[in-house]
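Please open the model in your viewer and keep the selection panel at hand. The tour moves from one selection to the next and says what is to be found at each stop.

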Amino acid sequence: MIKHTLAFAAAAAMALAATSAAAQSRDQIRIVGSSTVFPFSTAVAEQFGNNTDFPTPVVESTGSGGGLKLFCAGVGVGHPDITNSSRRIKSSEYEDCTSNGITITEVRVGFDGIVLANSKDHARYQLTKDQVFRALAKTVVVDGQSVANPNDLWSDIDPSLPAERIEVLGPPPTSGTRDAFVELMMETGCEEAGMADTLGDDACAEIREDGAYVEAGENDNLIVQKLQANPVALGIFGFSFLDQNRDAIQGSVIGGVEPTFDNIAAGDYAVSRSLYFYVKNEHVGVIPGIEEYISEFTSEDSWGPDGYLADRGLIPLPEDARAEMQQQARGLQKLTM
C-alpha cells in the first residue's frame, strides 16, 4: 500500500513538473499597450506571421498606461515582451521597470494627430484650443476667480458656436491619448485662455467630471458607434482611427487647421504626438522572433512613406530620423533616463 502511495505521489510530482515546464515556455510574442498604436502593431504582426516561420504575435489593446504597467511588472514568460505607447514612457514607469530588472529599448515609430471628431450627420466643428479648454476644464476663471466650469452649451463659450450641450467622449486616464490630449490641448488651451497663472498647472490639466466629458474606454470603435447615435457629441482619438472611419465621422478644425495626413506631417496641425513601442531586452533570445519583429516594423516597406503603415494612417518619421531609429532599434540600444 505504501509503495502504491509513493508511486502515485511520484507520478503526480512528475506531472506537476511537466505542467510547470510547459507553463514556463512560450514561442509566441506577446504585445500589449496603446489602442492608437494597436492597428499598426497588428498590421506588422500579421505581416510578420505571414512571411516568417514564427507564429503571429498576440497584440492586446490595454491603453498606454495599462500596457506599461504590465510590461514593467517583471521578467519571464508571464509578462509581455513589447508594449505600445502613444506617449513616451514616464520616469516613474521607467523606474518601475528598472527596479524589476528590466532594460528597455525605445522605438519611436512615427507621428499621429489627436482629433476631436463628430458624426457626418452634423456640421463640422471649428474650434480653438482656448474654446476646447473652456468646454472641458474642471475649473475656469471667471471675473478673476477660480470657479467650477459653468459652461453647459458650446454657445456659452462663444455665441458663434452651436447652442448645443457640450458632450465629449474620450479615453480614460490609463490612455496615452488622454495624456497627450491633456498636454497638447488642455494645458496649451489654458495658457491661450489666459488662465494658467491663476489656475496653476494641476488645475489646467484637470478635466471636468460633471457629465460633459464621458470616459468611453479604450475601444475607439465603440466611440464611433456612439457618435453616430448622437450627432451633437464629439469623440477624442488618434488621426489614424479617424482616417479609417471617414465614411462615418469628420475631424474638427482646430486653430484653423484641418487634421489631415499632410498637415500633421508638415507640423501645421498643432495637436500631434509621437508614437512608440518598447522592447524588453531580457526576453530577446528567450522568446523567439523578437529581433525579427523589430526588423519588420522598422523596414521601409512597413514604416516608410510608401509603406503599408502609411496606408493605415501612420505619419512617417523624416528619413534621417528613421535611419537613426532603425539602427537604435535593431541594435537593442538600452534606454536611459
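**Stop one: helix 2**

Select helix 2 and show its side chains: its buried residues are Phe40, Ser41, Ala43, Val44, Ala45, Phe48 and Gly49, where buried means under 20% relative accessible area, exposed over 50%, and partly exposed in between, with a 1.4 Å probe and protein chains only. This is a predicted model, in which local features need pLDDT of at least 70 and side-chain atom pairs count only at pLDDT 80 or more, while totals for chains, interfaces and linings use all residues. Residues are numbered from 1 along each chain as its sequence is written, and side-chain values use heavy atoms, with hydrogens and water left out.

Helix 2 covers residues 38–51, and its 14 residues reach 20 Å from the first C-alpha to the last, close to the 20 Å expected at 1.5 Å a residue; the expected span is 1.5 Å times one less than the number of residues. Helices (H or I, at least four residues) and strands (E, at least two) are DSSP runs, numbered from the N terminus.

Zooming out, the chain has 14 helices and 13 strands, and its C-alpha atoms fill a box of roughly 90 × 50 × 40 Å, taken along the principal axes. Of the 337 residues of the chain, 50% count as buried.

A pair of aromatic rings is described by the distance of the centres and the angle of the planes. Here, rings of Phe, Tyr and Trp (its six-membered ring) pair if their centres lie within 6.5 Å, and planes under 30 degrees apart count as stacked, over 60 as edge-to-face and the rest as tilted. By this rule the model holds 8 aromatic pairs.

Select Phe48 and Phe54: their ring centres lie 5.6 Å apart with the planes at 5°, so this pair is stacked. Is Phe48 buried or exposed? With a relative accessibility of 1%, Phe48 counts as buried, whereas Phe54, at 25%, counts as partly exposed.

Phe48 lies in helix 2 and Tyr293 in helix 12 (residues 290–297), so the pair ties together parts that are 245 residues apart in sequence. Tyr293 counts as buried, at 0% relative accessibility. To complete the picture, select Phe48, Phe54, Phe277, Tyr293 and Phe297 together, which ring pairs link into a cluster.

**Stop three: a charge over a ring**

Select Lys280 and Phe71: the charged end of Lys280 sits over the ring of Phe71, 4.8 Å from its centre. The rule requires NZ of Lys or CZ of Arg within 6 Å of the ring centre and within 35 degrees of the ring normal.

**Stop four: pockets and a cavity**

Rolling a probe the size of a water molecule over the atoms shows where empty space is left. On a 1 Å grid over the protein atoms alone, a cavity is a set of points where a 1.4 Å probe fits but cannot get out, and a pocket is an open set with protein on both sides within 12 Å along at least five of seven lines; lining residues have an atom within 4 Å of a point.

The largest pocket has a volume of about 240 Å³. Of its 15 lining residues, Ser35, Phe38, Pro39, Asn221 and Phe241 lie nearest its centre. Helix 2, helix 9 and helix 10 (239–244) each give two or more residues to this lining, and helix 10 gives the most, with 3 residues.

The second largest pocket has a volume of about 190 Å³, and its lining includes Arg87, Arg88, Asp179, Glu183 and Tyr276. Helix 7 (176–192) and strand 13 (272–280) each supply at least two lining residues here, with the largest share, 4 residues, coming from helix 7.

Terms used. Points joined across faces, edges and corners; volume = space filled by probe spheres on them.
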